[in-house]
Amino acid sequence: MTPVLNVEGLGKQFQLHEQQKLIPSCANISLQVHTGRLTALVGPTGAGKSSVLKCIYRTYLPSAGRMLYNDAQGNAIDLAQASEHRMLDLRRHEISFVTQFLHCLPRRSALDVVCEPLIARGTEREAAHMLAKALLSLLNVPERLWGVPPATFSGGERQRINLARGLITRPRLLLLDEPTASLDPATTERVIDLIQSIKSEGVAMLAIFHDPALVRRTADTVIELTPPLAITDILENCSS
Ligand SMILES: Nc1ncnc2c1ncn2[C@@H]1O[C@H](COP(=O)(O)OP(=O)(O)O)[C@@H](O)[C@H]1O
Ligand SMILES: [Mg+2]
């Protein structure tokens, strides 16, 4: 079966101009993500797990490799080469990213923050609100917070809003970066149930979990990352 995403030899390095140094954040990563399956990325802090997700979502422009994404129409798109316009379109319609931190406008209510991706895809406001409320209840977000901007929320509350926002659209490909890191055990269980049900609906997932037990319970495939080799001097590279 054709994977939704096929990453081959992905690498990203950052150039520090003042110090003339190249800092690799991930190197030579290959992985596949399939419909209705979850691929987990594991490895120590600094191994490049978040960087891989950021490259796929194109928050970072990769330095090497291919990331073939098969879209809903059956086109194979290399996300490493895709135009900004194409990426924005894919983000709106097919690829979602639940990042570690919620970035949102200070004056929008939690309910609006959660609804936004669905409304952007053309869902009526009423229907979007209904779905958002159901998700917020499921994730144990107290009703008194729904009308309040998440800027003042605790870490765990924000993470729930972030998750609800990422899960509300049922994307074709879902990227999750430590989505349960600041949740209590009861809410974590609900998130796991949600992940299982989304899986059975056919969403392809690439996820990072801080807890190995979560990897064992949710992952169909595990990819282990090791930290890329230490800093390389550009000057040394040039002279050799
Ligand atoms: N924007 C950036 N600029 C410079 N270095 C970065 C940047 N993003 C990540 N890195 C470096 O890349 C390495 C891998 O980071 P990251 O992908 O966050 O790892 P992980 O998620 O596995 O902890 C780290 O050494 C980090 O400092
Ligand atoms: Mg990380």
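Me: Is helix 1 buried or exposed, and why?

Reply: Start with the terms. Helices (H or I, at least four residues) and strands (E, at least two) are DSSP runs, numbered from the N terminus. Buried means under 20% relative accessible area, exposed over 50%, and partly exposed in between, with a 1.4 Å probe and protein chains only. In helix 1, six of the eight residues are buried, so the helix is largely enclosed by the rest of the structure. This is a predicted model: local features need pLDDT of at least 70, side-chain atom pairs count only at pLDDT 80 or more, and totals for chains, interfaces and linings use all residues. Residues are numbered from 1 along each chain as its sequence is written, chains are lettered from A and ligands numbered from 1 in the order in which they are written, and side-chain values use heavy atoms, with hydrogens and water left out.

Me: Which residues of helix 1 are buried?

Reply: They are Lys-49, Ser-51, Val-52, Leu-53, Cys-55 and Ile-56. Just after helix 1, Arg-58 takes a positive phi of about 65°.

Me: Which residues are around ligand 1?

Reply: A residue is near a molecule if one of its heavy atoms lies within 4 Å of it. Around ligand 1 these are Phe-14, Ser-25, Pro-44, Thr-45, Gly-46, Ala-47, Gly-48, Lys-49, Ser-50, Ser-51 and Tyr-60. Helix 1 (residues 49-56) gives the most to this shell, with three residues.

Me: Which polar atoms lie close to oxygen atoms of ligand 1?

Reply: A polar contact to a ligand is a pair of N or O atoms within 3.5 Å. The side chain of Ser-50 places an N or O atom 2.9 Å from a ligand 1 oxygen. For Gly-48, a polar backbone atom is 3.0 Å from an oxygen of ligand 1. For Ala-47, a backbone N or O atom lies 3.3 Å from a ligand 1 oxygen. Of the 570 Å² of accessible area that ligand 1 has on its own, the protein covers 64%. Such areas come from the Shrake-Rupley method with a 1.4 Å probe.

Me: How many disulfides are there?

Reply: A disulfide is a pair of cysteine sulfur atoms within 2.5 Å. By this rule the count is zero. The closest cysteine sulfur to that of Cys-26 is in Cys-55, at 4.8 Å, too far for a bond. Cys-26 counts as buried, at 2% relative accessibility. Cys-115 is buried too, with a relative accessible area of 1%.

Me: Where is Gly-74 found?

Reply: Gly-74 is in the loop between strand 4 (64-70) and strand 5 (76-78). At 57% relative accessibility, Gly-74 counts as exposed.

Notes. Polar contact = N/O pair within 3.5 Å; in protein donor to acceptor, adjacent residues only side chain to side chain.
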